[in-house]
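The following questions and answers examine a protein model, working from strands to helices and then to the packing of side chains.

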Amino acid sequence: MRFGWLTLSLSPSPEEDADRIDQQIEQVRFAERLGFGDVWLTEHYFTGESVYNDALLFASAVAMRTERIRIGFAVVQLPFHHPVRLAVQLALLDNLSRGRIDVGVGKGTIYNEYEFVGHGLRSGDSRERMEEAIDIIGRLWGGGPVTYNGKHFQVQVPELRPCPVQRPHLPLWRGVISPASFSECGRLGVPILTARLPVARIKERWAAYAAGLDAGGHDAAIRARLLAQSALWRNVYVAESNAQAEDELSALLLQTRAHMMNPWADPVVGGDEAVKFVLATGSLYGSPARVRDQVAELRDAGVQHLLCQTGFGDMSHDQNLASMRRFGEEVMPAFRT
């Protein structure tokens, strides 16, 4: 199996932001030393949920402080970016990192409408903006002059400089959840990211993706590569005992719920019920032995690439590193081939 590390640990207050940003970089460096193959950065604004906010600028710092780990975005919210500017920034990042960039893209969600409002937008046309942006970015990375006249963007570019290191273009990943999205991404040959998918649904979703790959006529090598890349996101917390892990993770999730309005933070639903839902559908937690069993269950369901979110709520830096160390030293080695 391949293991990635994902950051979505919030900063509880503006006064802590600077320290939390420094800690994020140290956690990425530690993930690289432990043998995680990729780090995935999130993009959220105004709440401290992604303390660095600007994932692209933060990625440049990560690129300079790491050597091997790939740097991905889960995801770039395309409506908040002009596609020409974004294409240039990502191409530069690919040069700075020597070809280590993966780009997950998304349209944002109605749950984060405040982010659209903060950028002078609304979410109603976000899918249209995303589709136009993907088209423009792909053409720019392809080289040569680009003229585009769309509903939201009209651009005329003589040539993109610098060109991305990875050819023919940077990997563009898509976040998916519905069976139809899995099938369509398979048909298009697009690598995928998915979150909080219950174990009972993994096999059918992966089968839908494989069927899409077949329908798209992709050869065996491409098919194997894309299935190996397909990534499932899980909360991960490893403690000395199962009870300790459940108690501490539950408390951290409740802190996150209190700080944020998330899809699972419906005020009609009680805190205990909400936490039980997240523990059951999106979390690996317990002693190293228990977490090894949980990872094995995912592997047996077809998952070859697991993204591990190890930071939650106002978890301290040392607490995060301790959980990461247990996972990296006592869980990951059991799944290396």
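Q: How many of the eight residues of β9 are buried?
A: In this predicted model, strand β9 covers residues 231-238. The strand is mostly covered, and the number of its eight residues that are buried is seven.

Q: Which residue in β9 does T194 stand opposite?
A: Strand β8 comprises residues 192-195 and runs parallel to β9, joined to it by three bridges. Within this pairing, the residue of β9 that stands opposite T194 is L232.

Q: Which residue in β11 stands opposite A231?
A: β9 also pairs with strand β11, residues 305-309, in the parallel sense and over five bridges. Opposite A231, the residue found in β11 is H305.

Q: What is the bridge partner of Y237 in β10?
A: Four bridges link β9 with β10, and the pairing is again parallel. Strand β10 spans residues 283-286. The partner of Y237 there is Y285.

Q: How far apart are the end C-alpha atoms of α9?
A: Helix α9 runs over residues 242-259. Its 18 residues, at 1.5 Å a residue, should span 26 Å. The distance between the end C-alpha atoms agrees with this expectation, because it is 26 Å.

Q: What covers the buried residues of α9?
A: The buried residues of α9 are A245, L249, S250, L252, L253, T256 and R257. The elements that cover them include the strands β9 and β10, together with the helices α10 and α12 (317-330).

Q: Is V269 buried, partly exposed or exposed?
A: V269 lies in the loop between α9 and α10 (271-282). Beyond neighbours within four places in sequence, V269 is in contact with R257 and A274. Buried would require under 20% relative accessibility and exposed over 50%. V269 has 24%, so the class is partly exposed.

Q: Which residues touch the most other members of the largest nonpolar core?
A: The largest nonpolar core holds 75 residues. The residues that touch the most other members are F3, F36, L41, F73, L90, V295 and F327.

Q: How many residues are in the other core, which has A245 among its members?
A: This core lies apart from the largest one, and its members include A245, V275, V278 and F312. A245 is also one of the buried residues of α9. The number of residues in this other core is 12.

How values were computed:
Residues numbered from 1 in each chain as written. Predicted model: local features only at pLDDT ≥ 70, side-chain atom pairs only at ≥ 80, totals over all residues. Heavy atoms only, no water. Helix = DSSP H or I, 4+ residues; strand = E, 2+ residues; numbered from the N terminus. Buried < 20%, exposed > 50% of the residue type's maximum accessible area, 1.4 Å probe, protein only. Contact = heavy atoms within 4.5 Å. Expected span 1.5 Å × (residues − 1). Core = buried A, V, L, I, M, F, W, Y, C linked by side-chain atoms within 4.5 Å. Pairing = 2+ DSSP bridges.
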